[in-house]
Amino acid sequence: MIEPHGGKLINRFVTGAESETLEGKAKGLKKITINSREASDLEMISTGALSPLEGFMGEKDYKSILKNKRLANGLPWTVPIVLTAKNGSEGDYKIGSEAAIYDERNDLLGVIEIEDKYKFNKEEEATAILRTTDEAHPGVQYLKSIGETYLGGKIKIIRKPRHNSFHDFRLDPAQTRALFKEKGWNSVVAFQTRNPIHRAHEYLQKCALEVVDALLIHPLMGDTKGDDIPGDVRWDCYKVLMENYYPTSRVAISIFPAAMRYAGPTEAIFHAIARKNYGCTHFIVGRDHAGVGSYYGTYDAHYIFREFDPKEIGITPMFFDHAFYCNTCGNMASTKTCPHSKENHVFLSGTKVREMLKEGQRPPKEFTRPEVADVLINSMKNS
């Protein structure tokens, strides 16, 4: 089994009497309410999905990531995992003290030992991580919405944030690792998605599945943009595909609880490292991975892997070019394998697809499986 990032799968949950003691103690501590993204990060830290992190980042790690794409100890890491003090509340939190962590439902989740408190420069972070300060970028908008001080320190967790759905499919890294071992899967490729799976995505997955033991479809179900397809609709799309087109003995599906950063290449590294912690040996990186708009080059998320020794990343990236159905080839292909011009390719813009679905029309079956199209059409009828 592949080693977690940093060599150890982190577990920050406290149980039994320790949990009861911590819960009682928390009621007397300063309170910090975390937002939805921070709650996703907290859940992933606590389960080991973000190993080797044991809490929210202090300034040394934060600055090292912005400058070097590494933690202060030298391990590759490209996305800050940070906790913001709300403007006006910074003085409530002293280094060396503890604070009780609540989510936006006012559920007590755990306690943070505050080891660091530091101001940060939003433009500097946006430039280093998002590669833009354009206020139209959703990651820049997020930075503008939060306070100006980060709090760093180890966390102890009493309970995960509550979820209303997909309870049977929220496997933690220890559980996916146990599943892979039980199935006898020595090599597993992970597929990250925040969209329905169309034929091009299916093609990438099945090409990868030809060379490894199994596929983990790992849809991101944390915060996404308001105009992305809702998670419950996407889930129905995944289900009909699994039922009709995938070998269920070699495919698993589970929720990835992260929030999207839309950070393109830096997020691709982050996604790959997290999947290593889930026990995956390979990771699919397609065109414009984790991108939005035109902020990143088509294959920037491929090129960033060249900045690291493959042994440092550990998980093996599987790079794929733009895929499509070619009418002349008579099959799915990519820009790497098809000699024909664009006129031969079945391509629809996102705008065109949305128009067709709104009108109750299925896109061509070479673009989207009819069962997936029907789920999306029904969703639009009912929205």
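1. The model is predicted. Within it, helix 8 and helix 13 are roughly antiparallel to each other, because angles over 145 degrees count as such and these two helices pack at about 155 degrees. Their axes lie 9 Å apart. Helix 8 covers residues 231-245, and helix 13 covers residues 370-382. The crossing of helix 8 past helix 13 is right-handed.

2. The residues that make this contact may be listed by helix. Helix 8 contributes Val233, Asp236, Cys237, Val240, Leu241, Asn244 and Tyr245. From helix 13 come Pro370, Glu371, Val372, Val375, Leu376 and Ser379. Sorted by class, the contact of helix 8 with helix 13 comprises nine nonpolar, two polar and two charged residues.

3. A second pair of helices deserves a separate entry. Helix 3 (residues 59-68) and helix 4 (residues 122-130) have axes that come within 8 Å and cross at roughly 55 degrees. Helix 3 and helix 4 are therefore oblique to each other. Their crossing is left-handed. On the side of helix 3, the contact is made by Tyr62, Ile65 and Leu66; on the side of helix 4, by Glu124, Glu125, Ala128 and Ile129. By class, this contact of helix 3 with helix 4 has five nonpolar and two charged residues, and no polar ones.

4. Arg70 is located in the loop between helix 3 and strand 3 (83-85). Which side chain does Arg70 join in a polar contact of 2.7 Å? The partner is Glu312. Leaving aside residues up to four places away in sequence, Arg70 touches Asp61, Ser64, Ile65, Leu75, Pro76, Trp77, Glu307, Phe308 and Glu312. One of these residues, Ile65, also belongs to the contact that helix 3 makes with helix 4. As for Lys239, 169 residues separate it from Arg70 in sequence, and the C-alpha to C-alpha separation in space is 37 Å.

5. Lys69 is found in the loop between helix 3 and strand 3. Although Lys69 is not a glycine, its phi is positive, at about 60 degrees. Most residues other than glycine have a negative phi. Lys69 counts as partly exposed because its relative accessibility is 22%.

6. Tyr262 likewise is not a glycine and has a positive phi, of about 55 degrees. The loop that holds Tyr262 runs between strand 10 (251-253) and helix 9 (265-277). Is Tyr262 buried or exposed? With a relative accessibility of 3%, Tyr262 counts as buried, since the cut-off for that class is under 20%.

7. His289 is placed in the loop between strand 11 (282-285) and helix 10 (300-303). Its relative accessibility of 7% means that His289 counts as buried. The side chain of His289 makes a polar contact of 3.0 Å with the side chain of His271. Not counting residues up to four places away in sequence, His289 touches Gln192, Gly264, Pro265, Ala268, His271, Phe283, Ile284 and Ala301.

8. Ser51 and Pro52 are joined by a cis peptide bond, with omega at about 15 degrees. Most peptide bonds are trans. Pro52 lies in the loop between helix 2 (36-47) and strand 2 (55-56).

How values were computed:
Residues numbered from 1 in each chain as written. Predicted model: local features only at pLDDT ≥ 70, side-chain atom pairs only at ≥ 80, totals over all residues. Heavy atoms only, no water. Axes fitted to C-alpha atoms, helices over the stretch in contact; angles between N-to-C directions. Helix = DSSP H or I, 4+ residues; strand = E, 2+ residues; numbered from the N terminus. Parallel < 35°, antiparallel > 145°, perpendicular 65-115°, else oblique. Left-handed = near helix turned anticlockwise from the far one by under 90°. Contact = heavy atoms within 4.5 Å. Nonpolar A, V, L, I, M, F, W, Y, C, P; charged D, E, K, R; others polar. Buried < 20%, exposed > 50% of the residue type's maximum accessible area, 1.4 Å probe, protein only. Polar contact = N/O pair within 3.5 Å; in protein donor to acceptor, adjacent residues only side chain to side chain.
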